[in-house]
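Student: I want to check the labels on this model one by one. Can we go through them with the cut-offs in hand?

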Amino acid sequence: MSGSGDDTVQVWNPAAASAAIEEEPEGHSKNVNALVTFVDPATGEPRVACGSADGKVHIYDPVAGGAALVVLEGHTAEVKALTAFQDPATGERPAI
């Protein structure tokens, strides 16, 4: 996956001969600065969180693409970094 100053997130298939774009999730209005992948603990499905210069974090299904499953708001400035980690108190994953 890659995030860009053109306000897009792209999912690439490096196994394809041309490294073609597989999906292009929608919804960012500013530069995409940060990406992190994780497994949704409720469904076991892969997810990607994308931090943007608009102060929002979008959560996508990297396989299906399309609109964000969830948009997290609250920052008053751009999101520059993300990480997914195991909650030390509960052992649950992920906390973003």
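Student: How many salt bridges does the structure hold?

Tutor: The structure holds two salt bridges. A word on the source: this is a predicted model, where local features need pLDDT of at least 70, side-chain atom pairs count only at pLDDT 80 or more, and totals for chains, interfaces and linings use all residues. Residues are numbered from 1 along each chain as its sequence is written, and side-chain values use heavy atoms, with hydrogens and water left out.

Student: Why is the contact of Asp40 and Arg47 called a salt bridge?

Tutor: The term asks for a side-chain nitrogen of Lys or Arg within 4 Å of a carboxyl oxygen of Asp or Glu. Asp40 and Arg47 meet at 3.7 Å, N to O. That is within 4 Å, so the pair qualifies.

Student: What makes Asp61 and Arg47 a salt bridge?

Tutor: The closest N and O atoms of Asp61 and Arg47 are 3.5 Å apart. Asp61 sits in the loop between E6 and E7, Arg47 in strand E5, and 14 residues separate them. Through shared partners, the salt bridges join Asp40, Arg47 and Asp61 into one network.

Student: Why can such side chains pair at all?

Tutor: Side chains of opposite charge can pair when their charged atoms come close.

Student: How do you know that Asp40 is buried?

Tutor: Buried means under 20% relative accessible area, exposed over 50%, partly exposed in between (1.4 Å probe, protein chains only). Asp40 has 18%, so it is buried. Arg47 stands at 10%, so it is buried as well. Asp61 is also buried.

Student: Why is Leu72 called partly exposed?

Tutor: Leu72 has 40% relative accessibility. That value lies between 20% and 50%, so the label is partly exposed. Leu72 is found in strand E7.

Student: What makes Leu69, Val70 and Leu72 a patch?

Tutor: Patches are made of residues with over 30% relative accessible area and no salt bridge; like charges are joined within 9 Å, nonpolar side chains (Val, Leu, Ile, Met, Phe, Trp, Tyr) within 5 Å. Leu72 has 40%, so it passes the area limit. With Leu69 and Val70, Leu72 makes a nonpolar surface patch of about 250 Å². The area comes from the Shrake-Rupley method with a 1.4 Å probe.

Student: How do you know that E5 and E6 pair?

Tutor: Strands here are DSSP runs of E, at least two residues long, numbered from the N terminus; helices are runs of H or I of at least four. Two strands pair if DSSP finds at least two bridges between them. E5 (residues 46-52) and E6 (residues 57-60) have four bridges, so they pair, in the antiparallel sense. Ala49 stands opposite Ile59, and Val48 stands opposite Tyr60. Four residues lie between the two strands of this hairpin, and Gly55 in the turn has a positive phi of about 80°.

Student: What makes E4 and E7 edge strands?

Tutor: The open sheet runs in the order E4-E5-E6-E7, with antiparallel pairing. E4 (32-39) and E7 (70-72) each have a single partner strand, so one side of each is left without a neighbour in the sheet. Seven bridges join E4 to E5, and three join E6 to E7.

Student: Which residues make up the largest nonpolar core, and why is the set called a core?

Tutor: A nonpolar core is a set of buried Ala, Val, Leu, Ile, Met, Phe, Trp, Tyr and Cys residues joined through side-chain atoms within 4.5 Å. Another core, apart from it, has five residues, among them Val9, Val48, Cys50 and Tyr60.
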